[in-house]
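Hello,

Here is the structure I promised to pass on. Please look it over first; my notes follow below.

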Amino acid sequence: RPPSIRAIADAEPRQLGNSFTTSSIDHHIFKPMLGLSLYALAADPPPFHPVSIPHSGLVDGSSSTALISALASSGVVAIKGIPGYAALRSDILTATPACAATPAAAAHTF
């Protein structure tokens, strides 16, 4: 029977090598976690490919039904063919290192 929350909270920590661990409750917590981790590794879900909608279809309204359907089913859409996007992306990627090196960015806590 797994220990109660109170038993976990009251357990005295002990040192094991260079790390600390709790008392005998370890196997009750880590064994199921290991099992779930191995299951997650074994389960190979199919890749997700969002519905791709052309920007022009959003502008002229021809993709409205596809957009609503995609948002209703997965909540994710990819918009392709956005005018000026490639140049803007390139400019942002080029400017990112300089921006990150500013004092304001260095002082920010993420």
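Ser63 is buried, at a relative accessible area of 9%. Buried means under 20% relative accessible area, exposed means over 50%, and partly exposed lies in between (1.4 Å probe, protein chains only). Ser63 sits in the loop between helix 3 (55-60) and helix 4 (64-73). Helices (H or I, at least four residues) and strands (E, at least two) are DSSP runs, numbered from the N terminus. Not counting residues up to four places away in sequence, Ser63 touches Ile53, Pro54, Gly57 and Leu58. Contact means heavy atoms within 4.5 Å.

**Where this comes from**

This is a predicted model: local features need pLDDT of at least 70, side-chain atom pairs count only at pLDDT 80 or more, and totals for chains, interfaces and linings use all residues. Residues are numbered from 1 along each chain as its sequence is written, and side-chain values use heavy atoms, with hydrogens and water left out.

**The chain as a whole**

The chain has 6 helices and 4 strands. From the N terminus, the order is α-β-β-α-β-α-α-β-α-α. Of the 110 residues in the chain, 7% are buried. Among contacts with a separation of 6 or more, 45% join residues 24 or more positions apart.

**Pro50**

Pro50 belongs to the loop between helix 2 (26-42) and strand 3 (51-54). Pro50 is partly exposed, with a relative accessible area of 33%. Which residues does Pro50 contact, leaving aside neighbours within four places in sequence? They are Val76, Val77 and Ala78. Pro50 and Val76 are 26 residues apart in sequence, yet their C-alpha atoms are 6.0 Å apart in space.

**A nonpolar patch**

Leu58 turns up again here. With Ile79, Ile82 and Tyr85, Leu58 forms a nonpolar patch on the surface. Together they have about 320 Å² of accessible area (Shrake-Rupley method, 1.4 Å probe; for residues, only the protein chains shown count as cover). Patch residues have over 30% relative accessible area and no salt bridge; like charges are joined within 9 Å, nonpolar side chains (Val, Leu, Ile, Met, Phe, Trp, Tyr) within 5 Å. A salt bridge is a side-chain nitrogen of Lys or Arg within 4 Å of a carboxyl oxygen of Asp or Glu. Ile79 lies in strand 4 (residues 77-80). Ile79 is partly exposed, at 32% relative accessible area.

**Helix 5**

Of the 16 residues of helix 5, the number buried is 0, so this helix lies largely in the open.

Best wishes
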